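Here's a quick tour of a protein model, from its surface down to one helix pair. Have a look at it first.

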Amino acid sequence: AALYTLKEVEGDKANDEIAKLVNDPALREHAIRVLANRDDQIASVDPQIFVNATKDANPRVREQAALALGRLDARYAEALVPLMAPAETVKYFEAKR
């Protein structure tokens, strides 16, 4: 909850600090989600953070990365299809339906 509050209070000024938290496996999913949460504040985030996260072992991190890249620029969304195709990812998304 603290990450979401920080982002709401500080806006895109918090992006650099939140981006550092992507390196923490326990916070990675949430850090990516918070960085991409506001369309008007995502432009200052390095897209490579999201691209790298598409290869994460955790399917929830990959999901947030896919959403972030799609939100950042639609051209990234199409590039995600081959990255998001592993069987465990497909099962994860089917279970969410």
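The protein's accessible surface (Shrake-Rupley method, 1.4 Å probe) is about 5900 Å², and carbon and sulfur atoms hold 53% of that. Bear in mind that this is a predicted model, where local features need pLDDT of at least 70 and side-chain atom pairs count only at pLDDT 80 or more, while totals for chains, interfaces and linings use all residues. Numbering starts from 1 along each chain as its sequence is written, and side-chain values use heavy atoms, with hydrogens and water left out.

How many of the residues count as buried? Of the 97 residues, 34% do, buried being under 20% relative accessible area with a 1.4 Å probe, protein chains only.

On secondary structure, you get seven helices and zero strands, in the order α-α-α-α-α-α-α. Helices here are DSSP runs (H or I, at least four residues), and strands are E runs of at least two, numbered from the N terminus. Take the contacts (heavy atoms within 4.5 Å) between residues at least 6 apart in sequence: 50% of them join residues at least 24 apart.

Now for one helix pair. The axes of α1 and α3, lines fitted to C-alpha atoms over the stretch in contact, come within 10 Å and cross at roughly 20°. Angles under 35 degrees count as roughly parallel, so α1 is roughly parallel to α3. Here is who touches whom:

| Helix | Residue range | Contact residues |
|---|---|---|
| α1 | residues 2-10 | Leu3, Tyr4 and Lys7 |
| α3 | residues 28-35 | His30, Ala31, Arg33, Val34 and Leu35 |

Terms used:
Buried means under 20% relative accessible area, exposed over 50%, partly exposed in between (1.4 Å probe, protein chains only). Axes are lines fitted to C-alpha atoms, for helices over the stretch in contact, and angles run from 0 to 180 degrees between N-to-C directions. Angles under 35 degrees count as roughly parallel, over 145 as roughly antiparallel, 65 to 115 as roughly perpendicular and the rest as oblique.
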